[in-house]
Amino acid sequence: EYRLAIGHAETAVEVHVRDLLARIMSHCGMTSAQADNSVENGRDYWGVKNKVRRLDEWTNRYCTDNGHPYTPFVGSTLYQRWETDLYGRRNAAVHTGASSFSYDEASRGIGIAKECIIFFESRLPGLNNPIQLNSSMDGFRNSAGEVMF
(Lines give C-alpha, C1' and ligand atoms only; values in the text may rest on other atoms or scores of the structure.)
Protein backbone atom coordinates (compact mmCIF):
# COMPACT_ATOMS: atom_id res chain seq x y z
CA GLU A 1 0.00 0.00 0.00
CA TYR A 2 2.12 2.85 -1.31
CA ARG A 3 -0.35 5.51 -0.18
CA LEU A 4 0.05 4.33 3.40
CA ALA A 5 3.86 4.35 3.09
CA ILE A 6 3.76 7.98 1.96
CA GLY A 7 1.45 8.87 4.85
CA HIS A 8 3.70 7.20 7.39
CA ALA A 9 6.82 8.84 5.98
CA GLU A 10 5.29 12.33 6.17
CA THR A 11 3.99 11.64 9.67
CA ALA A 12 7.52 10.68 10.73
CA VAL A 13 8.81 14.06 9.51
CA GLU A 14 6.01 15.93 11.27
CA VAL A 15 6.53 14.11 14.58
CA HIS A 16 10.27 14.69 14.37
CA VAL A 17 9.82 18.42 13.68
CA ARG A 18 7.48 18.69 16.67
CA ASP A 19 9.93 16.85 18.94
CA LEU A 20 12.90 18.96 17.85
CA LEU A 21 10.94 22.17 18.39
CA ALA A 22 10.09 21.18 21.96
CA ARG A 23 13.71 20.17 22.66
CA ILE A 24 15.18 23.42 21.28
CA MET A 25 12.62 25.55 23.09
CA SER A 26 13.37 23.76 26.37
CA HIS A 27 17.10 24.17 25.77
CA CYS A 28 16.57 27.91 25.23
CA GLY A 29 14.87 28.35 28.62
CA MET A 30 11.24 27.30 28.35
CA THR A 31 9.93 24.62 30.62
CA SER A 32 8.89 21.41 28.88
CA ALA A 33 5.26 22.28 29.60
CA GLN A 34 5.62 25.76 28.07
CA ALA A 35 7.35 24.35 24.99
CA ASP A 36 4.72 21.65 24.53
CA ASN A 37 1.90 24.15 24.99
CA SER A 38 3.43 26.56 22.45
CA VAL A 39 3.95 23.86 19.84
CA GLU A 40 0.50 22.33 20.34
CA ASN A 41 -1.60 25.47 20.82
CA GLY A 42 0.37 28.46 19.57
CA ARG A 43 -1.11 30.16 16.53
CA ASP A 44 2.36 30.51 14.95
CA TYR A 45 2.82 26.72 15.18
CA TRP A 46 -0.44 25.60 13.60
CA GLY A 47 0.16 23.22 10.71
CA VAL A 48 3.30 21.45 9.66
CA LYS A 49 4.58 24.23 7.39
CA ASN A 50 4.43 26.73 10.26
CA LYS A 51 6.17 24.24 12.53
CA VAL A 52 8.90 23.81 9.91
CA ARG A 53 9.32 27.61 9.69
CA ARG A 54 9.49 27.88 13.48
CA LEU A 55 12.02 25.02 13.53
CA ASP A 56 14.23 27.03 11.18
CA GLU A 57 13.91 30.10 13.44
CA TRP A 58 14.68 28.18 16.64
CA THR A 59 17.52 26.28 14.97
CA ASN A 60 19.02 29.57 13.78
CA ARG A 61 18.82 30.90 17.33
CA TYR A 62 20.41 27.74 18.73
CA CYS A 63 23.22 27.84 16.15
CA THR A 64 23.87 31.55 16.73
CA ASP A 65 23.94 31.10 20.52
CA ASN A 66 26.29 28.12 20.28
CA GLY A 67 28.59 29.24 17.46
CA HIS A 68 27.43 26.61 14.97
CA PRO A 69 26.84 27.21 11.27
CA TYR A 70 23.20 27.45 10.25
CA THR A 71 21.62 26.29 7.01
CA PRO A 72 17.93 27.01 6.45
CA PHE A 73 15.55 24.27 5.41
CA VAL A 74 12.73 26.47 4.11
CA GLY A 75 13.50 27.43 0.53
CA SER A 76 16.17 24.77 0.09
CA THR A 77 16.16 22.12 -2.63
CA LEU A 78 15.38 19.50 0.03
CA TYR A 79 12.43 21.60 1.21
CA GLN A 80 11.10 21.77 -2.35
CA ARG A 81 11.45 17.99 -2.75
CA TRP A 82 9.73 17.45 0.63
CA GLU A 83 6.92 19.81 -0.33
CA THR A 84 6.31 18.17 -3.71
CA ASP A 85 7.24 14.52 -3.35
CA LEU A 86 6.19 13.86 0.23
CA TYR A 87 3.99 16.55 1.80
CA GLY A 88 2.04 17.15 -1.42
CA ARG A 89 1.52 13.45 -2.09
CA ARG A 90 0.50 12.80 1.51
CA ASN A 91 -2.07 15.59 1.26
CA ALA A 92 -3.35 14.18 -2.02
CA ALA A 93 -3.79 10.79 -0.37
CA VAL A 94 -5.45 12.12 2.77
CA HIS A 95 -7.52 15.03 1.47
CA THR A 96 -8.44 14.10 -2.09
CA GLY A 97 -8.35 10.32 -1.85
CA ALA A 98 -5.52 9.80 -4.34
CA SER A 99 -4.50 6.17 -4.24
CA SER A 100 -2.64 5.31 -7.44
CA PHE A 101 0.87 5.85 -6.09
CA SER A 102 3.73 3.80 -7.46
CA TYR A 103 6.51 2.01 -5.66
CA ASP A 104 8.94 4.63 -6.97
CA GLU A 105 6.84 7.48 -5.53
CA ALA A 106 6.59 5.76 -2.14
CA SER A 107 10.29 4.93 -2.12
CA ARG A 108 11.17 8.51 -3.04
CA GLY A 109 8.89 9.79 -0.26
CA ILE A 110 10.48 7.54 2.35
CA GLY A 111 13.94 8.58 1.18
CA ILE A 112 13.02 12.27 1.42
CA ALA A 113 11.62 11.75 4.92
CA LYS A 114 14.90 10.19 5.98
CA GLU A 115 16.90 12.99 4.36
CA CYS A 116 14.79 15.65 6.13
CA ILE A 117 15.21 14.03 9.54
CA ILE A 118 18.96 13.67 9.00
CA PHE A 119 19.18 17.32 7.86
CA PHE A 120 17.24 18.59 10.89
CA GLU A 121 19.42 16.57 13.25
CA SER A 122 22.67 17.65 11.60
CA ARG A 123 21.98 21.31 12.38
CA LEU A 124 21.76 20.71 16.14
CA PRO A 125 25.09 19.52 17.52
CA GLY A 126 24.52 18.71 21.16
CA LEU A 127 20.76 18.29 20.81
CA ASN A 128 20.70 15.73 18.03
CA ASN A 129 19.66 12.16 18.67
CA PRO A 130 22.62 9.82 19.32
CA ILE A 131 21.04 7.26 16.97
CA GLN A 132 21.16 8.55 13.43
CA LEU A 133 19.26 7.31 10.37
CA ASN A 134 20.98 5.96 7.31
CA SER A 135 19.71 7.92 4.32
CA SER A 136 20.27 5.07 1.87
CA MET A 137 17.31 3.38 0.26
CA ASP A 138 19.47 0.54 -1.08
CA GLY A 139 17.93 -2.04 1.27
CA PHE A 140 14.44 -1.43 -0.06
CA ARG A 141 13.13 -3.16 -3.14
CA ASN A 142 9.79 -3.68 -4.77
CA SER A 143 8.78 -7.04 -3.32
CA ALA A 144 6.19 -8.51 -1.02
CA GLY A 145 7.23 -6.48 2.01
CA GLU A 146 10.81 -7.65 2.14
CA VAL A 147 13.38 -5.20 3.45
CA MET A 148 17.01 -6.26 3.30
CA PHE A 149 19.44 -5.08 5.99
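The structure is a predicted model, in which local features need pLDDT of at least 70 and side-chain atom pairs count only at pLDDT 80 or more, whereas totals for chains, interfaces and linings use all residues. Residues are numbered from 1 along each chain as its sequence is written, and side-chain values use heavy atoms, with hydrogens and water left out.

Of the 149 residues in the chain, 38% are buried (under 20% relative accessible area with a 1.4 Å probe, protein chains only; exposed is over 50% and partly exposed lies in between). Among the contacts (heavy atoms within 4.5 Å) with a separation of 6 or more, 66% join residues 24 or more positions apart.

The largest nonpolar core contains 34 residues; such a core is a set of buried Ala, Val, Leu, Ile, Met, Phe, Trp, Tyr and Cys residues joined through side-chain atoms within 4.5 Å. Two or more residues each are given to this core by α1 (2-27), α2 (32-41), α3 (48-66), α4 (77-95) and α5 (103-122). Helix α1 provides the largest share, nine residues. The residues with the most contacts inside the core are V13, L21, F73, W82, L86, C116 and F120. Of these, F73 touches V52, D56, L78, Y79, W82, C116, F119, F120 and R123, when residues up to four places away in sequence are not counted.

H16 lies in helix α1. This histidine is buried, with a relative accessible area of 14%. Apart from neighbours within four places in sequence, H16 contacts I117, F120 and E121.

The axes of α1 and α3 come within 9 Å and cross at roughly 40 degrees, the axes being lines fitted to C-alpha atoms over the stretch in contact and the angles running from 0 to 180 degrees between N-to-C directions. The two helices α1 and α3 are therefore oblique to each other (angles under 35 degrees count as roughly parallel, over 145 as roughly antiparallel, 65 to 115 as roughly perpendicular and the rest as oblique). The contact involves E10, E14, V17, R18, L20, L21, I24, M25 and H27 of α1 and V48, K51, V52, R54, L55, W58, T59, Y62 and N66 of α3. By class, the residues of this contact are ten nonpolar, three polar and five charged (Ala, Val, Leu, Ile, Met, Phe, Trp, Tyr, Cys and Pro count as nonpolar, Asp, Glu, Lys and Arg as charged, and the others, Gly among them, as polar).

How values were computed: Helix = DSSP H or I, 4+ residues; strand = E, 2+ residues; numbered from the N terminus.
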